[in-house]
Amino acid sequence: MCWNILGVPHGHDWNTPRPGEKCGYESCTKAKEGFLNVHIVPHTHDDVGWLKTVDQYYYGSRNDIQKAGVQYILDSVIKELWENSNRRFIYVETAFFWKWWTQQSDAVQRKVHALVRQGRLEFVGGAWSMNDEAAAHYQSIIDQFTWGLKKLNDTFGSCALPRVGWQIDPFGHSRELASLLAAMGYDGLFLGRLDYQDKRARLAEKRMEMLWRGDDDLGKTSDIFTGALYNTYSPPPGFCFDVLCNDEPIVDDVNSPMYNVDKRVSEFLSYVETQSQRYRTNNVILTMGGDFTYQDASMWYINLDKLIEYTNLKAAKENLNVTLFYSTPNCYLKAVKDADPVLPTKQDDFFPYASDPNAYWTGYFSSRPTTKYFEREGNNYLQMVKQLQVLADLPDHNLPVLDELRSAMGVMQHHDAVTGTEKEHVTHDYERLLDQAIEDALIIARQAFNKVAQGDALKPTVLSYDRCRLNETSCSASENSNQFVVTVYNPLAFAVDETIGVPVRDGEYSVYDSEGTVLKSQLLDITSAVLNIPTRRSKATHELFFIAKLEALSINSYYIKKTSKKAKRQTGNNKKMDDINEYNANINNYWRNVKDKIEIDMRSLEKQDVDNTNKKMVPDIPATMNREDKFVNRGNIDINVLKDKGERANQDVEEFEKLLEEENRRIETTRRIRAGFDKSYPNLNGEEMRMLSDDPMIVEQYEDNEVSIQKNGIHIAADNNGERITIQNRDLSFDLSFFYYPGCYGDNREFINRSSGAYIFRPNATEAIELETINRSKVDGDIVSEIRTTRTHNVNSVIRIYETSTYIDHYFVIGPIPIEDGIGKEYVSRYTSNLRNTGGFYTDSNGRQIIKRKINNRPQWNLTIEEPIAGNYYPVTNFIAIQSEDNILSVVTDRSRGGTSLKDGEIELMLHRRLLHDDAFGVGEALNETANGIGLVVRGYQRIYPVQPEGKLMNVKALKNHLHPIVFVSNADNLDINDWYKLRNKYTWAQRSVDGVHLLTLEPWNENLLLRLENINAFKKSVKVDLNSILKNIKIKRIKETTLAGNQWLNDNHKWEWRKEGKFVKSFNDAYGNAGYDVKADDDDDDDTDEKGLIVIKPRQIRTFIVEYDYVN
């Protein structure tokens, strides 16, 4: 075989090592016995967005913000590696590497291939980004690892296989990620940030490296070596040889007055000796790099070459038994493994993280809530289009748009993206990327739906399948049509019943299913709080509800026809109602002006990339709104316009007059507790007034009396003290209330002066301040019933119960958070029950595991706490729960949040934050989000499940909420219902559902497909699955199992065994706080094995397969 000048055969096999080339562990410098082995690891930490956008970081733009250009880092490093075969480098973020790789010449690419084959360029982590571990969901974490690792594997083969996880910058570390990495086949994991008290204890006891059990149910298969780095991820002080640093270089010219070799080497050896005393083997790792370092790699390598050379010379001359060499995390891990230490163990997680006594990094659990929600919705769209590309057998030319959405979602998992710890212009860019990727990828869904409806994906479409902004109850297709089609896709592999709400204008509607049956429906007016969301552009005044019964992996369409329009009474008065009612006119005209004159900022569910260059700044409330404006001026309201000849109607108007009088009295007597906070939304707007005239008793408004609703054994009552929910026939009740914490402000120069900010939650109060109830109303219908409450400080909530469901939905609209007093605020909801949970509560880990928490306690060290509120907040990716002997109260969230249980019987969740000062951890701006020039308004919901202990189904319940059905709406004004019936309007791709099995992944994979099945059996039993019985139109020819990320054959992965101190307990949750618990884990494998034609999935296991298949008609 002929070779070219690079030593690469002419056959385009760039990946197989040539004779003399070694990669992976075989390429490592062997540690010397009896010596202190110092592993010099050159690296760069490149945030996929933070202070600058992804592209700004890559191209080196906006260096006035931060001097950083990733393309220059990779250019420079490759050049320096090529010049000296001893040098090594690691790279982490595949998103940046792939962007750079696709722009390189063939010659440069061949060089990179050679460096990878020789182990000189090594990939660690390898995911699309370095994901956050608090706010990211396990499904999205798996996806972004899969996407990044696939790029590396397809391009470089096995030599690019990352062996270690590299989570050096996330602000706390989750148990579930440890479990996922173990399942992906990683041999180890390195962490940068530890709580300052935890780190101090570990350093003192040589516990910086440990064996971490990621999941008690999965046992030893979830164990992973975990090492905490000595100096986060920075070089030793004084040894940063970067263009961004000011440290002295090593000057080895003996004739120079600046000669400093002896001094620098001595300082370095002193540091290394100190570090070595904190670890259990004769190996230490030094991370030589930092944020966006190596833009001029020659500065580093020239000095590192000298450092290694002169230190080794000194050690040899003086018999110091120290050796330095270029290394990688893989090679360090291999050296530690060869030393065979006895490791301490860990079974909990590393939350919350504190960097000093007053800096608990628990604020970011809730920062930028609209972005967190958008990311969660992005995952739903990604799962849908991945599934439909396979199920509908769509053409391969769709794959680029699918890849675009994979990439955008991978970026969103970054630890400065979903966390909300980036600058606001970066937030907008994240939203732009994701919004564009979703819209582009929806061509897949539209083709699939069209193929179902007409039998051909490429036929001219009959329906448009428009994406709606349902989080702000807005949908152009439904609100501007007299007849329209609602299409619902269920991405779950089991059936669900879902109450669907569609934005419409007032009127009467009929809902038809695919069989022609008229379904029961309910029309409900949209609350004024939703109508007045500043970014909302909608004509919808009502929401139409109906129940969709959805089979597994199915599409269902419904034809909705507006059958009549309610006639408005002729008043004989040409004055508009809003002009007549000055109480509403001020507010409504203000919002109308905001909507008309201010460019939309990207704050709603479906974010828009718009030009904000001419955005005007508008105060958070109308500047003209003074105390007098808050009165309902009886003299300016022409009540006669509401009167009718009918006696009943006139009685209603009289009731309405009383209501206005009561409103004046209430406003007079409830002057706000604190100045500047009387800026709540109006309690009645013009549409609601018209509704009272046209359709009495749809909404019943109350001031002082109790209102109540009841369905399915759930009774909800509300009065001036708030809302109380009682579960009948069970000893369970709880109250709902809202509070806020005033944010701390300081100059950040000392710990005690730390401000609350994007990262840090630090309340300036020992107790939260409760928000008062202003008024309440109720709606009682056949499908949904709800109680609506308005509170001070711009908080509106709705508690909704359903005809067919046993859960309770708690919707809220919060904002703008008032800041006229110069104080930032952090809003929470609190559920106060009669349960006794004795200081313990449960949160999820990345939406999958459940971990027990205890107030003012940490499992592995004695906690001293100076921030008793912030220090007891934990990440809630999907759910939080408290439990007594007889009952469990669980809250499932629509996005990641921070939560706690500070007192017995309480669950508290943070919903929104608006702060006026930076917390001095790098982002450089206050968390003061605005939209259309005013404070951000957030809409969201939480789903409350009161269950009994034997019904521990939280994973399944959270999963149904996480992957909820996806709704599309099409204008059907030109499609007669009889023509619609000729289409196929209902179809399921599922052959049958398997109890306890979740179809976690179904996506195209080169010429095959990638399939992941997860055991979600509530009773922790193994499940047997016939793969050919799952999907209706796919016949499986052959399968081969891989590790979790799909980049290694499972049989090729061999798990390392480690010696450990003692044994793991069988259940961390049972043992934590239970001194008498001493049940050791059984580390023996069970006997569950695959049977002929059946796959056995063990409790909580995820199994991953590459599948060769044929389509079946």
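This is a predicted model: local features need pLDDT of at least 70, side-chain atom pairs count only at pLDDT 80 or more; totals for chains, interfaces and linings use all residues.
Let me start with cysteine 475, which is buried, at a relative accessible area of 2%; by buried I mean under 20% relative accessible area, by exposed over 50%, and by partly exposed anything in between, using a 1.4 Å probe and protein chains only. Residues are numbered from 1 along each chain as its sequence is written, and side-chain values use heavy atoms, with hydrogens and water left out.

Cysteine 475 is joined by a disulfide to cysteine 468, with the two sulfurs 2.0 Å apart, a disulfide being a pair of cysteine sulfur atoms within 2.5 Å. Cysteine 468 is also buried, with a relative accessible area of 5%. In total the structure holds 4 disulfides, and if we number the bonded cysteines of the protein chain in sequence order, the pairing reads 1-3, 2-6, 4-5, 7-8.

Another of these bonds joins cysteine 23 to cysteine 159, S to S 2.1 Å. This pair links distant parts of the chain, 136 residues apart, since cysteine 23 sits in the segment before strand S1 (36-45) and cysteine 159 in the loop between helix H5 (138-156) and strand S4 (164-167). When I speak of helices (H or I, at least four residues) and strands (E, at least two), these are DSSP runs numbered from the N terminus. Both cysteine 23 and cysteine 159 are buried, and the torsion about their S-S bond is about -70°, so this disulfide is left-handed.

Which hand does the disulfide of cysteine 240 and cysteine 245 have? The torsion there is about 50°, so that disulfide is right-handed, and its S to S distance is 1.9 Å. The two ends fall in separate accessibility classes: cysteine 240 is buried at 9%, whereas cysteine 245, at 24%, counts as partly exposed.

Let me move on to strand S26, residues 732-742, which is mostly covered, with 10 of its 11 residues buried. On one count, S26 pairs with strand S25 (residues 722-727) in the antiparallel sense over 5 bridges, where pairing requires that DSSP finds at least two bridges between the two strands. Within that pairing, arginine 724 has aspartate 735 of S26 as its bridge partner. S25 and S26 form a hairpin with 4 residues between them, and asparagine 729 in the turn has a positive phi of about 65°. S26 also pairs with strand S32 (residues 825-833), again antiparallel, over 9 bridges, and there the bridge partner of proline 742 is lysine 825. A further 2 bridges join S26 to strand S27 (residues 769-770), in an antiparallel arrangement, with tyrosine 740 bridged to isoleucine 769 in S27.

Side chains of opposite charge can pair when their charged atoms come close. The rule used here calls a salt bridge a side-chain nitrogen of Lys or Arg within 4 Å of a carboxyl oxygen of Asp or Glu, and by it the count comes to 65 salt bridges. Lysine 825 meets aspartate 821 in one of them, at 2.9 Å from N to O; lysine 825 is buried, with a relative accessible area of 0%, while aspartate 821 is partly exposed at 30%. Elsewhere, salt bridges that share partners join Lys79, Glu80, Glu83, Arg87 and Asp305 into one network.

Aspartate 143 and lysine 386 form a salt bridge as well, their closest N and O atoms being 3.1 Å apart. That pair links distant parts of the chain, aspartate 143 in helix H5 and lysine 386 in helix H11, 243 residues apart, and both residues are buried.

Helix H11 (369-391) is also one of the elements giving two or more residues to the lining of the largest cavity, which has a volume of about 610 Å³. A cavity here is a set of points, on a 1 Å grid over the protein atoms alone, where a 1.4 Å probe fits but cannot get out, and lining residues have an atom within 4 Å of a point. The lining comprises 31 residues, of which Tyr373, Leu470, Glu498, Tyr811 and His964 lie nearest the centre. Strand S16 gives the most, with 5 residues.

Technical notes: On a 1 Å grid over the protein atoms alone, a cavity is a set of points where a 1.4 Å probe fits but cannot get out, and a pocket is an open set with protein on both sides within 12 Å along at least five of seven lines; lining residues have an atom within 4 Å of a point. Grid points are joined across faces, edges and corners, and a volume is the space filled by probe spheres set on the points.
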